Amino acid sequence: MSAIQIPNLSAAIALNGAEQLEAVQAGTSVRVTTQQIANLSVGPEFGTHGSFYSTVTQTNPVASAVNKMTFNTTSSNDGVIVVSNSRLTVPFDGVYNIQFSAQVQKTDGGTDSMDIWIQKSGNNVDYSNTRVELAGNGAKQVAAWNWMIELAANEYVEICWSSADTDVNLHAELPQVTPTRPGIPSVIATVAMVVPI
């Protein structure tokens with residue numbers, strides 16, 4: 001059976017009894033077969049993620065109010081879920097990468113702005129806000145960035161937005177033809193654990 005050299009493998013994983021463990025603790029390289037690697041167990045946190053989007057336009061009915069980005073479709077997930085349409089909720093303690101993209105649109109003249117930030121379990125996260133500018137009727141932009149957030153099990157984040165102009169929205173479109181192409185979601189968000197804690 002083929003084998004590879006793995007230096008300083010974690011002492012928490014016993015591969016071949018006490019002698020192997022002592023070698024690891026001493027910082028010695030340990031010879032491990034590929035089958036042994038395949039048999040290593042990983043914690044339940046491994047692969048925790050979620051990918052979600054919205055197929056509807058999200059409006060700004062009240063000027064300068066706090067809106068929450070909402071999601072009506074799950075693309076894929078393993079542990080992360082959406083609660084109450086907007087709460088991206090995690091199952092384990094960890095540091096998570098929260099990414100989003102939103103199709104921002106303006107339907108009147110002039111120039112207006114939209115602020116986008118993140119809340120953790122209902123509280124604003126310090127210095128997480130970014131402002132985008134839209135100029136002219138029909139103007140569209142894609143707002144897209146990410147945050148690294150430490151979350152405890154069952155905590156959630158919400159992506160918030162606000163504009164003083166009620167004619168600003170998060171725009172969605174149905175699939176199009178000539179050429180045939182997919183619809184445009186108003187919002188896409190992904191949540192992936194970076195490291196358990």
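Buried means under 20% relative accessible area, exposed means over 50%, and partly exposed lies in between, using a 1.4 Å probe and protein chains only.

Residues are numbered from 1 along each chain as its sequence is written, and side-chain values use heavy atoms, with hydrogens and water left out.

Confidence next. pLDDT is the predictor's confidence in each residue, from 0 to 100. The protein chain averages 87, and 79% of the residues score at least 70. Over residues 1-15 pLDDT stays under 50, and the model has 35 contacts there beyond four places in sequence; contact means heavy atoms within 4.5 Å. Where pLDDT is low, the predicted coordinates should not be read in detail.

Now the charged pairs. A salt bridge is a side-chain nitrogen of Lys or Arg within 4 Å of a carboxyl oxygen of Asp or Glu. The structure holds 5 of them.

Take E158 and K68, whose side chains meet at 3.2 Å, N to O. This pair links distant parts of the chain, with E158 in strand β13 (residues 156-162) and K68 in strand β4 (residues 67-68), 90 residues apart. Strands here are DSSP runs (E, at least two residues), numbered from the N terminus. E158 is buried at 4% relative accessible area, whereas K68 is partly exposed at 29%.

D115 and R131 form another salt bridge, at 2.7 Å, N to O. D115 sits in strand β9 (residues 111-120) and R131 in strand β11 (residues 130-135), so the pair ties together parts 16 residues apart in sequence. D115 is buried at 15%; R131 is exposed at 53%. Elsewhere, salt bridges that share partners join K106, D108, D112 and D165 into one network. Within it, K106 and D112 meet at 2.2 Å, N to O, and K106 is buried, with a relative accessible area of 0%.

Last, the nonpolar core: a set of buried Ala, Val, Leu, Ile, Met, Phe, Trp, Tyr and Cys residues joined through side-chain atoms within 4.5 Å. The largest one has 31 residues, and M69, F100 and I116 have the most contacts inside it. Strands that each supply at least two of its residues include β8 (94-106), β12 (140-151) and β15 (187-196). Leaving aside neighbours within four places in sequence, F100 is in contact with residues including M69, I116, W145, W147 and I159.

Technical notes: This is a predicted model: local features need pLDDT of at least 70, side-chain atom pairs count only at pLDDT 80 or more; totals for chains, interfaces and linings use all residues. Helices (H or I, at least four residues) and strands (E, at least two) are DSSP runs, numbered from the N terminus.
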